[in-house]
Number of protein chains: 2
Amino acid sequence: MASVCRIAVSGAAGQISYSLLFRIAAGEMLGSQQPIILSLLEIPQAMQALEGVAMELQDGAFPLLQSIELESDAKRAFRDVNSVLLVGAQPRGAGMERRDLLAANARIFVEQGRALNEHAAEDVRVLVVGNPANTNAMITQRCAPRLSPRNFSAMMRLDHNRATAQLAAKAGVGVSAVDGVVIWGNHSTTQYPDLHHATVDGHPALERVDSAWYHEQFIPAVQHRGAAVIEARGSSSAASAANAALQHMRTWMLGTAPEQWTSMAVVSDGAYDIEPGLVYSVPVHCTDGDWQLVDGLVCNDFSR
Amino acid sequence: MASVCRIAVSGAAGQISYSLLFRIAAGEMLGSQQPIILSLLEIPQAMQALEGVAMELQDGAFPLLQSIELESDAKRAFRDVNSVLLVGAQPRGAGMERRDLLAANARIFVEQGRALNEHAAEDVRVLVVGNPANTNAMITQRCAPRLSPRNFSAMMRLDHNRATAQLAAKAGVGVSAVDGVVIWGNHSTTQYPDLHHATVDGHPALERVDSAWYHEQFIPAVQHRGAAVIEARGSSSAASAANAALQHMRTWMLGTAPEQWTSMAVVSDGAYDIEPGLVYSVPVHCTDGDWQLVDGLVCNDFSR
């Protein structure tokens with residue numbers, strides 16, 4: 001049996017975490033042989049609700065879950081952690097300007113980055129889910145110079161899954177028949193879901209769907225999917241975001257299928273003319289806990 | 001690849017289902033090779049929220065999930081279904097008497113039992129989660145005389161898991177070291193969590209924990225765990241209930257481990273002096289979609 005993996009989750013009493021923690025405990029993130037310890041971080045006001053979540057995790061009787069620790073201090077929560085999912089973030093309140101939101105989150109992620117820098121295991125892998133995820137990930141990474149910048153990422157898998165599912169539905173195939181979708185950019189409405197390299201049943205996707213659909217329907221549908229879910233469900237995507245977070249970490253640690261890639265926002269080294277240091281979504285292969293940029297994709301004028 | 005399994009879930013836009021559906025879609029209930037169709041049933045007022053849940057399921061890009069059907073009519077939702085999880089029930093409203101609650105649920109489960117009788121596949125397995133689960137299951141079963149009474153059950157797995165976890169915590173071991181817990185009776189505070197046959201690391205559990213703890217702390221803690229979770233979390237158990245439902249169906253279809261049992265409420269044939277026809281929790285072995293009563297357990301005077 002593998003040695004235990006310490007997994008920290010912030011915003012652990014929130015809705016996304018509620019859809020995430022039980023699946024992690026069941027072994028869906030790191031596999032059915034990997035014992036885990038959950039270190040759950042929340043703000044002081046949410047600690048009682050977090051106790052309730054911990055009771056329910058205990059009531060899951062999960063064989064892999066060795067223990068659960070509840071913390072309101074990032075320095076304690078991140079001690080020796082191997083895997084970190086930063087789900088919590090300051091949501092936009094009524095009347096809050098975008099700059100206020102960015103500032104409030106900057107405070108949170110500076111503190112968490114410093115705590116990781118001081119206390120996390122050297123091999124720690126960090127996924128930022130809380131929005132604005134790319135900016136929050138960049139702040140976290142820059143506050144943790146002891147750790148490899150390659151070990152910080154922001155979640156684009158939800159967008160990647162949405163794009164894959166939309167293409168599959170349009171083409172009338174199962175999602176397994178779709179491959180090679182790329183999300184470039186940020187987890188925001190400025191992202192670019194790119195089908196120029198995608199295939200359906202091994203054939204170019206853009207020969208299967210028409211160009212007007214791609215430009216006028218697919219791209220805005222993927223960009224604005226979050227708002228559409230809120231409108232229908234009455235609350236924001238939680239279970240699909242949790243599912244994407246789980247898949248992001250699972251793919252990172254256990255690998256992509258041969259010849260396949262996924263989309264992850266990682267620290268740019270300047271490839272594809274992306275500004276170095278930005279946390280930006282690109283296509284990556286993953287093997288054994290490491291990612292490699294898929295390079296050499298030709299981007300046409302539209303994509304640029 | 002196995003032929004597709006049609007799975008119906010009622011109360012599909014509710015909190016328990018929100019913790020359940022994504023795990024079913026990921027293959028956690030029936031395994032990673034079993035393609036599925038989800039048939040989701042809700043009351044008319046919840047159909048828009050259900051659309052949102054379906055969007056998020058699509059956004060999961062689950063390879064096993066062939067399609068999602070949304071229905072507000074049980075007859076349509078249960079057409080040719082192989083697996084049914086009756087999660088939805090009328091909750092107790094302010095000022096509602098217990099008999100009003102029972103009557104409201106009787107109406108729902110009579111209708112659903114009749115719909116199953118007319119439209120479900122002959123091999124359908126039915127799990128009732130919505131409370132009062134045992135009564136609701138009995139009503140459903142009695143309204144579906146075409147189907148084998150053995151194919152109806154009510155969920156006791158949450159209680160079984162809670163008892164297992166409480167014993168493991170007291171004994172200072174992982175849950176895998178605990179075996180042989182039995183929950184007798186109903187999913188209510190009248191249930192009897194029985195440790196007389198339980199073991200910890202292969203040794204009798206009641207030699208490991210003292211009798212006062214068993215009688216004065218363990219039994220009431222398991223019986224009243226639901227209320228304790230509500231008090232801490234501010235809302236009722238959803239993710240742990242969903243987890244138990246998933247495990248109940250998985251164990252039923254894929255089997256218990258050799259020499260192990262679980263607790264399921266099934267239609268009594270009179271064994272253990274339980275009134276025939278009641279849906280009552282007993283220890284069962286499961287193999288290939290069938291359950292067998294664990295018989296011959298000696299029940300002492302206290303247990304009776």
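Tutor: The questions below take up the interface, the symmetry, the strands and the backbone in turn.
This is a predicted model, in which local features need pLDDT of at least 70 and side-chain atom pairs count only at pLDDT 80 or more, while totals for chains, interfaces and linings use all residues. Residues are numbered from 1 along each chain as its sequence is written, chains are lettered from A and ligands numbered from 1 in the order in which they are written, and side-chain values use heavy atoms, with hydrogens and water left out.

Student: What area do chain B and chain A bury between them?
Tutor: The size of an interface is often given as the accessible area lost when the parts come together. Here the accessible area is taken with a 1.4 Å probe, and the loss is summed over both parts. Contact (heavy atoms within 4.5 Å) links 41 residues of chain B with 41 residues of chain A. Carbon and sulfur atoms carry 55% of the buried area, which comes to about 3300 Å².

Student: Which helix of chain B gives the most residues to the side that touches chain A?
Tutor: The rule finds 26 residue pairs in polar contact across this interface, both residues at pLDDT 80 or more; such a contact is a pair of N or O atoms within 3.5 Å, where within protein one must be able to donate a hydrogen and the other to accept it, and residues adjacent in sequence count only if both atoms are side-chain atoms. The elements of chain B that give two or more residues to this side are helix 1 (15–25), helix 2 (47–58), helix 6 (157–171), helix 9 (225–233) and helix 10 (239–254). Helices (H or I, at least four residues) and strands (E, at least two) are DSSP runs numbered from the N terminus. With 8 residues, the one that gives the most is helix 2 of chain B.

Student: Which residues of chain B form salt bridges with Asp59(A)?
Tutor: A salt bridge requires a side-chain nitrogen of Lys or Arg within 4 Å of a carboxyl oxygen of Asp or Glu. The structure holds 16 of them over all chains, and the count between chain B and chain A is 6. One pair crosses from Asp59(A), in the loop between helix 2 (47–58) and strand 3 (65–71) of chain A, to helix 6 of chain B. The closest N and O atoms are 3.4 Å apart for Arg162(B) and 2.9 Å apart for Arg225(B).

Student: Which C-alpha of chain B is nearest the axis that relates the two copies?
Tutor: Copies are superposed by least squares on the C-alpha atoms of residues with pLDDT of at least 70 in both. Chain B can be laid on chain A with an RMSD of 0.0 Å by a turn of 180° and a shift of 0.0 Å along the axis, and the copies are thus related as by a two-fold rotation axis. At 3.0 Å from the axis, the nearest C-alpha in chain B is that of Ser19(B).

Student: Which residue stands opposite Val284(B) in strand 14 of chain B?
Tutor: Two strands pair if DSSP finds at least two bridges between them. Strand 13 (residues 279–287) of chain B is joined by 6 bridges to strand 12 (residues 262–267), antiparallel, and by 4 bridges to strand 14 (residues 290–293), also antiparallel. In the latter pairing, the residue opposite Val284(B) is Leu293(B).

Student: Why do strand 7 and strand 11 of chain B each have one side without a neighbour in the sheet?
Tutor: In chain B, 3 strands form an open, antiparallel sheet in the order 7-10-11. Strand 7 (178–179) and strand 11 (203–204) stand at the edges, so each has a single partner strand.

Student: What is the omega of the cis peptide bond between Asn131(B) and Pro132(B)?
Tutor: Most residues other than glycine have a negative phi, and most peptide bonds are trans. Asp288(B), in the turn of the hairpin of strands 13 and 14 of chain B, has a positive phi of about 50°. Pro132(B) lies in the loop between strand 5 (125–128) and helix 5 (133–142) of chain B. For the cis bond joining Asn131(B) and Pro132(B), omega is about -5°.

Notes: Buried area = accessible area lost by both parts, 1.4 Å probe.
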